[in-house]
Amino acid sequence: MPRPLARVLTLLELLQSGGTRTVSELADRLGVDERTVRRYAQQLVDLDIPMESVRGRYGGYRLGPGYRMPPLMLNDDEALAVLLSLSTDRASDTVSDTARETARETAAAKIRRVLPERLRRKLDAVLASLAYTAPPARTAPAPDPAILLPIADAVHHHRPVSIRYTAADGRRSERTLHPYGVVAHAGRWYVTAADLSSGEDRTFRLDRITDARTLPGSFEPPLDPAPAERVLTALATAPHRHKVTLRIQAPPEHIHTRLPPGLATVTAPSPPDDWSHVTLRVAQLDWLPAVLASLDRPFVIEGPAELRTLVETFAARLTHFARGGPCRREGDSC
């Protein structure tokens with residue numbers, strides 16, 4: 001659910017608690033400015049909700065007498081989208097906020113109370129199967145419920161699932177999976193699973209799955225499936241044109257500020273050595289010199305030699321520009 005819409009509904013709930021609420025109080029509760037509160041109030045009026053504007057020093061807004069919010073009517077897809085939005089919003093918070101956390105929990109509880117038992121069980125299975133990389137780089141839009149629901153059910157009950165999958169190169173295939181978990185990472189959703197077709201653990205993007213069906217039977221998942229870690233490792237080791245290996249004199253937490261876990265695999269140094277070993281696979285090398293420079297730590301390029309040449313050229317250009325030299329070729333930034 002988009003946050004402006006969520007705030008409009010929060011405004012309605014605040015007003016339904018009774019009495020007149022000042023514009024400044026509502027702005028503080030919603031975390032917006034007073035002009036935005038007035039716009040939200042107009043949106044409620046446009047929905048035929050009887051809003052009364054009270055003028056004066058202690059004026060603000062209140063609901064018309066006798067108004068009660070109608071029963072919540074959500075179809076399966078809408079209920080799933082709302083609960084996923086609340087769950088993803090919680091995972092994306094980098095700062096602890098007790099008030100926001102309480103609001104999310106109460107909102108989710110209210111929605112679950114009015115859902116039929118059949119749908120509640122399905123949604124509980126979905127929420128129990130989810131994992132997030134911490135913190136998500138950006139909010140991941142809810143995937144297609146027709147794909148997510150059977151896969152989440154298979155994760156929850158340890159059942160095989162059959163999927164139709166379209167790879168990045170356009171090749172289509174049908175696969176049978178033993179799914180371990182569903183993960184939201186950097187705006188996308190993934191399922192990590194044992195792929196019975198290849199006999200390997202694999203990661204699949206949900207938006208590339210066109211059909212998913214739960215199969216009879218069951219399987220025994222790993223003791224610690226760690227779906228988020230599996231997705232990050234799969235992304236960092238995915239086959240690309242260039243395999244880059246580095247040694248950097250810095251701890252993994254510093255290196256990951258510029259080369260995140262979904263991009264690079266970092267092996268921590270063993271004392272007394274303080275050099276981490278870094279491996280990543282990339283389609284292009286031209287962006288790496290600037291990233292390595294931004295780490296501000298000594299590094300050694302083990303391969304490929306092409307990257308070493310790019311870094312040397314990048315350093316020479318910086319030196320040239322620092323001395324006030326003009327652009328040497330079209331497109332240089334001075």
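What does the chain average in pLDDT, the predictor's confidence in each residue from 0 to 100, and what share of the residues score at least 70? The chain averages a pLDDT of 81, and 84% of the residues score at least 70. This is a predicted model, in which local features need pLDDT of at least 70 and side-chain atom pairs count only at pLDDT 80 or more, while totals for chains, interfaces and linings use all residues. Residues are numbered from 1 along each chain as its sequence is written, and side-chain values use heavy atoms, with hydrogens and water left out.

Two elements mark the ends of the confidence range; helices (H or I, at least four residues) and strands (E, at least two) are DSSP runs numbered from the N terminus.

| Element | Residues | Mean pLDDT |
|---|---|---|
| Helix α4 (lowest) | 76-92 | 66 |
| Strand β5 (highest) | 161-166 | 94 |

Helix α7 covers residues 145-157 and reaches 18 Å from its first C-alpha to its last, close to the 18 Å expected at 1.5 Å a residue, where the expected span is 1.5 Å times one less than the number of residues. Several of its residues are buried (under 20% relative accessible area, 1.4 Å probe, protein chains only), among them Ile 147, Leu 148 and Ile 151. After α7 comes His 158, with a positive phi near 55°.

Note on methods: Buried < 20%, exposed > 50% of the residue type's maximum accessible area, 1.4 Å probe, protein only.
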